[in-house]
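Here are my notes on the model you sent. Please read them with the structure open.

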Amino acid sequence: MFLTLFDFHAQLIRESLERSPTSTLILTIDMADDLLDRFNVRQKYTHFRILVIGRANAGKTTLLQRVCNTTEDPRIYNEGKNLVRSLCGAREGIALKSCGILAGANLSGDSFRGIHDINHPFAFESNPQFIFHDSRGFESGDESQLKEVQAFIEERARSTEPKLQLHAIWFCFVPNKSRPLLELEERFFNEQRAGNAPVIAIFTKLDDLITQVFKRHLTGEQNRQSALNVLKDKFEEPLRGYKYPPKAYLHLENMQEDKGKHQDQVKELMEKTADSLDNLALQMLFVSVQSSNLELCIEYAIKQ
């Protein structure tokens with residue numbers, strides 16, 4: 001069914017007010033072209049694909065749940081078809097023959113953390129437009145792990161279909177003052193990567209680093225600043241010095257706490273990812289799939 005720009009505006013306003021009744025955003029005629037571009041992109045492309053890299057216990061699962069605004073477990077994504085809902089109610093009943101796992105199985109708890117197969121996409125039912133791939137990172141020092149990630153990025157870069165391409169990489173670091181960047185992590189940022197998917201460096205669990213540097217005679221804010229200094233000196237500055245550094249950096253803390261400011265941190269991640277994309281169509285696609293943060297979608301359209 002054809003949706004006019006007026007209807008599209010009305011839908012955005014209605015949904016935004018439902019989610020944020022106190023919102024004061026105003027859509028004007030000057031924003032029409034940007035909104036129409038975003039609508040056309042949403043019609044043409046259906047998914048935004050992200051590779052998530054990180055060592056064990058990097059907080060990746062919690063981060064992705066916060067991004068998709070859910071507490072549910074991820075589901076295997078049936079590549080090229082759909083998000084399979086459940087073991088007994090799989091849409092079209094199509095199994096993932098390539099991975100040997102029954103389509104529709106939940107990837108819950110330890111079972112999700114134990115799979116780490118970069119070629120098995122997964123998604124959350126709350127926002128199936130985000131397709132994720134998980135890499136266990138390079139913690140073991142096995143060079144084959146680096147080669148696997150590089151090969152995956154190259155394969156996706158060769159794809160002629162935008163929906164199958166890799167659009168962004170979230171590299172999750174667990175900041176540890178006694179164990180900074182690994183050799184294979186350094187190589188990842190020193191060796192040229194195929195394609196143009198931007199890398200966002202995400203320093204998870206800042207609260208753990210604060211505990212590591214904690215000194216009793218300092219205030220809470222002073223200890224937090226000490227942790228940020230360690231983060232900058234041992235992680236961010238070295239990363240900036242590599243040949244192919246991340247496009248953006250941010251730190252996260254207390255993401256596991258429901259009463260924390262996790263949504264503000266998610267919004268920052270969304271903004272930095274969008275700003276790192278060098279293609280306007282991809283920027284519009286990225287903000288358009290964020291059903292959990294419609295106000296950010298409108299704000300980004302205004303900013304553009």
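**Notes on the model**

1. Lys-205 sits in the loop between S7 and H7. Helices (H or I, at least four residues) and strands (E, at least two) are DSSP runs, numbered from the N terminus. Lys-205 is not a glycine, yet has a positive phi of about 55 degrees. Lys-205 is partly exposed, because its relative accessibility is 27%; buried means under 20% relative accessible area, exposed over 50%, partly exposed in between (1.4 Å probe, protein chains only).

2. A word on the basis. This is a predicted model: local features need pLDDT of at least 70, side-chain atom pairs count only at pLDDT 80 or more, and totals for chains, interfaces and linings use all residues. Residues are numbered from 1 along each chain as its sequence is written, and side-chain values use heavy atoms, with hydrogens and water left out.

3. Asn-254 also deserves a look. Asn-254 has a positive phi of about 55 degrees and is not a glycine. The loop between S8 and helix H9 (262–276) holds this residue. Asn-254 has a relative accessible area of 26%, so it is partly exposed.

4. Now the overall picture. The chain has 11 helices and eight strands. Of its 304 residues, 46% are buried. Take contacts (heavy atoms within 4.5 Å) between residues at least 6 apart in sequence: 71% of them join residues at least 24 apart.

5. How is S6 placed, enclosed or open? Six of the six residues of S6 are buried, so the strand is largely enclosed by the rest of the structure. Both faces are covered. Ala-168, Trp-170 and Cys-172 are buried on one side, and Ile-169, Phe-171 and Phe-173 on the other.

6. S6 has pairing partners; two strands pair if DSSP finds at least two bridges between them. Strand S1 (residues 48–54) and S6 run parallel, with five bridges. Ile-50 has Ala-168 of S6 as its bridge partner. S6 and S7 are also parallel, over five bridges. There, Phe-173 is bridged to Phe-203 in S7.

7. S6, H6 and S7 form a right-handed β-α-β unit. Right-handed means that, with the strands pointing away from the viewer, the path from the first strand over the helix to the second runs clockwise.

8. Helix H8 covers residues 220–240, which is 21 residues. From first C-alpha to last, H8 reaches 28 Å, close to the 30 Å expected. The expected span is 1.5 Å times one less than the number of residues. H8 bends by about 40 degrees at Lys-232. That bend is the angle between axes fitted to the seven residues ending there and the seven starting there.

9. What does the buried part of H8 pack against? Its buried residues include Asn-223, Leu-231, Phe-235 and Glu-236. The buried residues of H8 pack against strand S6 (168–173), helix H6 (183–190), strand S7 (199–203), helix H7 (206–213) and strand S8 (248–251).

10. Gln-65 belongs to helix H3 (residues 60–67). Gln-65 is buried because its relative accessible area is 15%. Leaving out residues up to four places away in sequence, Gln-65 touches Thr-70, Thr-71, Glu-72, Asp-73 and Phe-124.

11. Last, the cysteines. The whole structure has zero disulfides (a pair of cysteine sulfur atoms within 2.5 Å). Cys-68 is buried, at 2% relative accessibility. Cys-172 is buried as well, with a relative accessible area of 1%.
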